[in-house]
Amino acid sequence: MTTPPICDYEGSDYQASFWDQGGRAYEDRTEAIALKRLLPPRGRLLLELGAGAGRNTPRYLGFDRIVLLDYSRTQLEQALQRLGKSDRYVYVAADVYRLPFVAELFDAATMIRVLHHMADAPKALGQVKNVLGADGVFILEYANKLNLKAILRYLLGRQTWSPFTLEPVEFVKLNFDFHPRAVRGWLENLDFRIEKTLTLSHFRVGLLKRIVPTGILVFLDSLFQWTGAWWQLSPSVFVKAKNVGRVSNPSKRDSILSYFKCPDCESSPLVDKTDFLECSNCGKKWGVRDGIYDFREPVKPERS
Ligand SMILES: [Zn+2]
């Protein structure tokens, strides 16, 4: 099966270098505020797409269980270390373009700083749509190409690509910025209804971050976030969308095994064989090791 190229954080020290020592306290705190404003107060099952090392996971307080999904196994190992093994968290290594979950499973999904790496964004969003139940809430963050800095640079002739056109811009390999109208169009085509839009990181300027105390920038940004309802000119945008146009809600699933389908042939349920889950349709085996379900590549059949 061919899927678009994947930006893989395997073996990356992203959490330490970008967040913990990278001077991103301002961005991290503004995201915490946006999530508080957009998340439903409670719910059963939430899917965190591109969970990484679990930086945002403790913020999903109202949910009974959280499925952390990432393509990188080493990122999930860091998340597991941070959050621990418990019934509350399920760790899944998988490809966003081939989600290993049955349809309409989740009450909510979040995708933060992930669309940024999607070569085929509409395809990834379609996968999210498929696993969200009726009226499920989707919180999506994307990088905005129509931001003030890009507009100024373009007008001054310092940047070749136009921030005003709808197509994504790949400014570094597998790093994309999107036009707000394009993202809205994709969501609406999938029958998502956009309920709220917040703009973030208005003050992501090196000099400001160095001379103004972080708390003040965070407070100002928290006020500016609401202007996202009218215009989006900041580098980061959060959208809360509802999965409308679905009537039925399938029966509630409690066992983790019942969440999964085979990402290759899409059949379910899978059969639990302790070290792997086996697809009873195509026979592929999906590894389960050290608390992480791995749906990226099937386990190689053993030679006899
Ligand atoms: Zn299968």
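How many cavities of 30 Å³ or more does a search of the whole structure find?

**Entry 1, basis.** I worked from a predicted model, in which local features need pLDDT of at least 70 and side-chain atom pairs count only at pLDDT 80 or more, while totals for chains, interfaces and linings use all residues. Residues are numbered from 1 along each chain as its sequence is written, and side-chain values use heavy atoms, with hydrogens and water left out.

I searched the whole structure and found one cavity of 30 Å³ or more. A cavity is a set of points, on a 1 Å grid over the protein atoms alone, where a 1.4 Å probe fits but cannot get out; lining residues have an atom within 4 Å of a point. I noted about 460 Å³ of space in the largest cavity. Its lining comprises 33 residues, with Gly-50, Gly-52, Asp-70, Arg-113 and Val-114 nearest the centre.

I looked up the donors of the zinc ion (N, O and S atoms within 2.8 Å of the metal) and found the SG atoms of Cys-262, Cys-265, Cys-279 and Cys-282 at 2.2 to 2.4 Å. The site is tetrahedral, with angles of 98 to 120 degrees among the four donor atoms; the term requires all angles to lie between 85 and 135 degrees. I recorded the donor spacing as C-x2-C-x13-C-x2-C.

I took buried as under 20% relative accessible area, exposed as over 50% and partly exposed as in between, with a 1.4 Å probe and protein chains only. Cys-262 is buried at 0%, and Cys-279 is buried at 2%. Cys-265 is partly exposed at 27%, as is Cys-7 at 24%.

Methods: On a 1 Å grid over the protein atoms alone, a cavity is a set of points where a 1.4 Å probe fits but cannot get out, and a pocket is an open set with protein on both sides within 12 Å along at least five of seven lines; lining residues have an atom within 4 Å of a point. Grid points are joined across faces, edges and corners, and a volume is the space filled by probe spheres set on the points. Donors are N, O and S atoms within 2.8 Å of the metal (3.2 Å for Na, K and Ca); water is not among the atoms, so sites may look incomplete. Four donors count as tetrahedral if all angles lie between 85 and 135 degrees; four count as square planar and six as octahedral if opposite donors are over 155 degrees apart and all others between 65 and 115; anything else is irregular.
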